[in-house]
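Hi,

Here is the structure I promised to pass on.

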Amino acid sequence: MSVAIGLGFSQAAIAQQKTKLSVYTALENDQLGPFKQAIEAAVPEADIAWVRDSTGVITARFLAEKDNPRADMVMGLAASSLLMFETAGLLQEYKPKGAEQLKEVFRDPKDPYTWTGMDAYLGVVCFNTAEAAKIKMAAPASWNDLLNPALSGKVVMPHPASSGTGYLMVAGWLQGMGEEAGWKFMDGLHNNIAAYLHSGSAPCVQAAKGERVVGLALDMRGASEKSKGAPLDVIIPKEGTGWEMEATAIVKGTKNLDVAKKVADWGATKAASELYSKTYAIVGYPGVQNTPPNYPANAEKGMIKNDLSWMAANRDRILAEWSKRYESKAAPKN
């Protein structure tokens, strides 16, 4: 009896010792449980409380709270968003233990060091070959192939203000083609767009179902839909494609800094990258690979030279210009 009572007391003591961490995230809903479980197993004193929404919504919320931050950490949010937070002085300086082992592109290149990359994702063309055959359309090799008038009303892509995937594609065109040519390309693409959707995955899902011929979407969603049997080609055009990465940071002023540092340390481990790799093919820890079936073989080579700082610094300007030109075809928000 005394042993049982002792165990009960020790469990209660552990529960009392746990520190609740408010973590802002754009991770997918089905990732939240496994991530919480893995983090709390590695850092037993942490009690992860997610605040989850899309990239655009979480970014706007975090910035709106800048004078009175409510988050302890940010995890699984676009690095370009974290660079905005870094510029605004909202992130705690901290380099996780072992971060130097990560691929260089996944490490904050500037001092003070405030964020660490987790995984990278990129934009692809989900091309429904069965629907394309009906309009005698060959698979696109170049972005400019998407300007074919035969695709009028048959293309969907993510809205860049609400989807990180949408923004990385827009920023990729502007960086890869140059701004003048990039806007000209998007003007032409707009003629073929049926709707700008508020999700990075939905355009590929619509293409997979045959509702559209082309869905511009997330790389992993393309591979997943093809593996489910959809008649899709998952294409990275020859010019290369825009990309982003998810990253982790500690919020400046958190009252739970010691526990937040331990969670950040976990985020840079091989075990963490192994968890990330269940969702993304390209992760920070060298040698960790879990490439899914039907994932484009040229993905890492197809990532354009991407300036994440430029993406962060120019986000408001780009989104304002994009909205002025193309908002008329935005899908209604749920």
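Of the 14 residues of helix H6, 11 are buried, so H6 is largely enclosed by the rest of the structure. Buried here means under 20% relative accessible area, with exposed being over 50% and partly exposed in between (1.4 Å probe, protein chains only). Helices (H or I, at least four residues) and strands (E, at least two) are DSSP runs, numbered from the N terminus. Before you go further: this is a predicted model, in which local features need pLDDT of at least 70 and side-chain atom pairs count only at pLDDT 80 or more, while totals for chains, interfaces and linings use all residues. Residues are numbered from 1 along each chain as its sequence is written, and side-chain values use heavy atoms, with hydrogens and water left out.

Back to H6. Its buried residues are Gly164, Thr165, Gly166, Tyr167, Leu168, Met169, Val170, Ala171, Gly172, Trp173 and Leu174. From its first C-alpha to its last, H6 reaches 20 Å, close to the 20 Å expected at 1.5 Å a residue (the expected span is 1.5 Å times one less than the number of residues).

How does H6 sit against H13? The two helices pack at an angle of about 95 degrees, and their axes are 11 Å apart. Axes are lines fitted to C-alpha atoms, for helices over the stretch in contact, and the angles run from 0 to 180 degrees between N-to-C directions. H6 and H13 are therefore roughly perpendicular to each other; that label covers 65 to 115 degrees, with under 35 counting as roughly parallel, over 145 as roughly antiparallel and the rest as oblique. On the H6 side the contact is made by Tyr167, Val170 and Leu174, and on the H13 side by Arg315, Ile318, Leu319 and Trp322. Contact means heavy atoms within 4.5 Å. By type, the residues of this contact divide into 6 nonpolar, no polar and 1 charged.

Next comes helix H7 (residues 179-192). H7 has 14 residues and spans 20 Å from first C-alpha to last, again close to the 20 Å expected. Its buried residues are Gly182, Trp183, Phe185, Met186, Gly188, Leu189, His190 and Asn192. The cover over them includes helices H6 (164-177) and H13 (315-326), along with strands S5 (155-158), S6 (193-197) and S7 (214-218).

The structure holds 1 disulfide, meaning a pair of cysteine sulfur atoms within 2.5 Å. It joins Cys126 to Cys204, with 2.1 Å from S to S. This pair links distant parts of the chain: Cys126 is in strand S4 (residues 115-128) and Cys204 in helix H8 (residues 202-208), 78 residues apart. The link is left-handed, at -95 degrees about the S-S bond.

Is Cys204 buried or exposed? Cys204 is buried, with a relative accessible area of 0%, and Cys126 is buried as well. Leaving out residues up to four places away in sequence, Cys204 touches Cys126, Gly215, Ala217, Arg221, Gly222, Glu225 and Leu232.

Glu225 is a charged residue that is buried, at 8% relative accessible area.

A few backbone points to check on screen:

- A cis peptide bond joins Asp111 and Pro112, with omega at about -5 degrees; Pro112 is in the loop between helix H4 (79-87) and S4.
- Lys136 is not a glycine, yet has a positive phi of about 55 degrees. It lies in the loop between helix H5 (129-134) and S5 and is exposed, at 77% relative accessible area.
- Asn294 also has a positive phi, about 70 degrees, without being a glycine. Its loop runs between strand S10 (282-283) and helix H12 (308-313), and at 37% relative accessibility Asn294 counts as partly exposed.

Cheers
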